[in-house]
Amino acid sequence: MYAVVKDKKSPGISIREVDDPRPGPKDVLIKVLRAAICGTDLHIWKWNSWAESRIRNLPLVIGHEFTGIVEEVGEDVEGVAVGDLVSGETHVVDGTCYQCRTGRMHICRNMEIVGVDRDGAFAEYIVIPAFNAWVNDKGLDPDIAAVLEPLGNAVNAVFPSDDVDDPAGKYALVLGCGPIGLMSIAVLREAGVEKIFAVEISEYRMRYAEEMGADMVINPLEEDVVSTVLSETNGRGADIVLEMSGAPPALETGFRALTPGGRISLLGLPDEPVSVDVNNAIIFKGAVVYGITGRRMFQTWYQVRGLLNIPRFRDKIRMLITHRMDMADIEEGFHLLESKDAVKIVLRPRFK
Ligand code: NAD
Ligand code: ZN
């Protein structure tokens with residue numbers, strides 16, 4: 001089959017033929033219908049310091065946000081059948097470590113990531129454990145099914161635990177309106193939040209924040225975010241803060257705008273270690289800080305399925321797919337995403 005392959009420990013990718021993957025007894029073979037580009041793919045393409053330290057097994061088929069049709073199931077597979085439309089949960093867990101056995105598979109100690117530690121989805125076919133194949137309703141638009149993985153990140157940031165406070169009637173602040181931040185705005189809206197403040201520096205993406213349902217979209221280069229949030233919330237601040245940018249100044253802003261006793265979800269990944277004024281940002285505020293990684297398996301996926309029953313929510317997610325292209329043209333997609341003049345780019349497995 002044809003695939004997008006990382007061959008060398010240097011920038012670039014190659015599009016070439018590789019062996020067809022074969023499913024083991026607990027695996028499914030999926031014919032890829034659509035896959036989407038994530039920032040991680042961009043890092044692997046550019047071969048930044050994260051990629052250099054993280055990627056071990058080359059050659060590697062990259063890509064991890066995808067949907068497809070199950071073509072073959074291993075002999076021990078139950079619950080997934082040939083013909084199912086599935087989306088991939090990227091985190092392949094061992095199911096046996098302490099974290100997995102205590103109901104927290106998303107932080108499995110022996111996790112393998114699709115498209116990072118094992119072959120991914122920018123290809124005609126992919127094999128994953130059946131456990132990681134989330135079966136969608138047959139009628140779901142494949143473009144939407146391709147982005148359920150980042151959508152799950154957004155849902156997890158809004159609902160990071162079973163006993164998290166109800167967002168309804170609260171003030172929320174979303175820092176960073178990349179694909180995941182934008183999706184989280186749509187999720188917050190459905191959750192009945194009173195007011196949503198969105199912060200972003202790209203004009204292109206600011207427009208989408210409004211479309212997702214943000215009440216105020218703030219450019220931090222032009223306006224002081226903390227004073228705006230305080231004045232628009234009668235001095236209270238944000239009850240729920242979602243840090244979705246990975247930008248250190250946004251992280252600091254998030255803690256300062258957080259109301260005492262509020263909660264903050266940290267999902268954006270800073271490039272370097274950052275310092276936080278722990279006393280004032282967390283301790284004296286009695287703040288609740290959630291580290292968000294991946295999706296809770298599989299509570300988040302059920303929440304995603306429920307949200308997708310809402311037609312206007314589906315329309316918003318579709319709107320975030322700003323570009324569609326062939327896998328053969330993936331480098332064009334990388335450049336576009338780098339410029340931030342795109343939100344989600346969905347690829348078809350066409351290699352010409
Ligand atoms: P992204 O990285 O493109 O989004 C970040 C957005 O933040 C961009 O639109 C950028 O313009 C904006 N931004 C930059 N500086 C800002 C500032 N000072 N204030 C406000 N906004 C600012 O795309 P994404 O896919 O939505 O990813 C968001 C973040 O989440 C990234 O850091 C990514 O690495 C991380 N991530 C984390 C997980 C996880 O499981 N924790 C999963 C996927 C991605
Ligand atoms: Zn585990």
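Two strands are taken to pair if DSSP finds at least two bridges between them. Helices (H or I, at least four residues) and strands (E, at least two) are DSSP runs, numbered from the N terminus. The structure is a predicted model, in which local features need pLDDT of at least 70, side-chain atom pairs count only at pLDDT 80 or more, and totals for chains, interfaces and linings use all residues. Residues are numbered from 1 along each chain as its sequence is written, chains are lettered from A and ligands numbered from 1 in the order in which they are written, and side-chain values use heavy atoms, with hydrogens and water left out.

Strand β14 (residues 238-243) pairs with strand β15 (residues 258-266). The two are parallel and share 5 bridges. Within this pairing, valine 241 faces isoleucine 264 of β15. A crossover is right-handed if, with the strands pointing away from the viewer, the path from the first strand over the helix to the second runs clockwise.

Strand β15 also pairs with strand β16 (residues 288-291). These strands run parallel, joined by 4 bridges. Leucine 266 is set opposite glycine 291 of β16. The chain passes from β15 to β16 through helix α10 (residues 278-283), and this β-α-β crossover is right-handed.

Strand β1 (residues 2-6) is joined to β4 by 2 bridges. Lysine 6 stands across from leucine 60 in β4. In general, strands of a sheet pair through backbone hydrogen bonds, either parallel or antiparallel.

Ligand 1 is surrounded by 22 residues. A residue is counted as near a molecule or strand if one of its heavy atoms lies within 4 Å of it. The closest are Ile180, Glu200, Arg205, Ile292 and Gly294. The shell divides into 12 nonpolar, 7 polar and 3 charged residues. Here Ala, Val, Leu, Ile, Met, Phe, Trp, Tyr, Cys and Pro count as nonpolar, Asp, Glu, Lys and Arg as charged, and the others, Gly among them, as polar.

Polar atoms of the protein approach the ligand at several points. A polar contact is a pair of N or O atoms within 3.5 Å; within protein, one must be able to donate a hydrogen and the other to accept it, and residues adjacent in sequence count only if both atoms are side-chain atoms. A polar backbone atom of proline 179 is 3.2 Å from an oxygen atom of ligand 1. An N or O atom in the side chain of arginine 205 is 2.8 Å from an oxygen atom of the ligand. A nitrogen atom of ligand 1 lies 2.7 Å from a backbone N or O atom of isoleucine 292. On its own, ligand 1 has 840 Å² of accessible area, and the protein covers 81% of this. Accessible areas come from the Shrake-Rupley method with a 1.4 Å probe; for residues, only the protein chains shown count as cover.

Buried means under 20% relative accessible area, exposed over 50%, partly exposed in between (1.4 Å probe, protein chains only). Serine 87 belongs to strand β6 (residues 85-88). Serine 87 counts as buried because its relative accessibility is 1%. Its side chain makes a polar contact of 2.9 Å with the side chain of asparagine 136. Leucine 188 lies in helix α6 (residues 179-190) and is buried at 0% relative accessibility.
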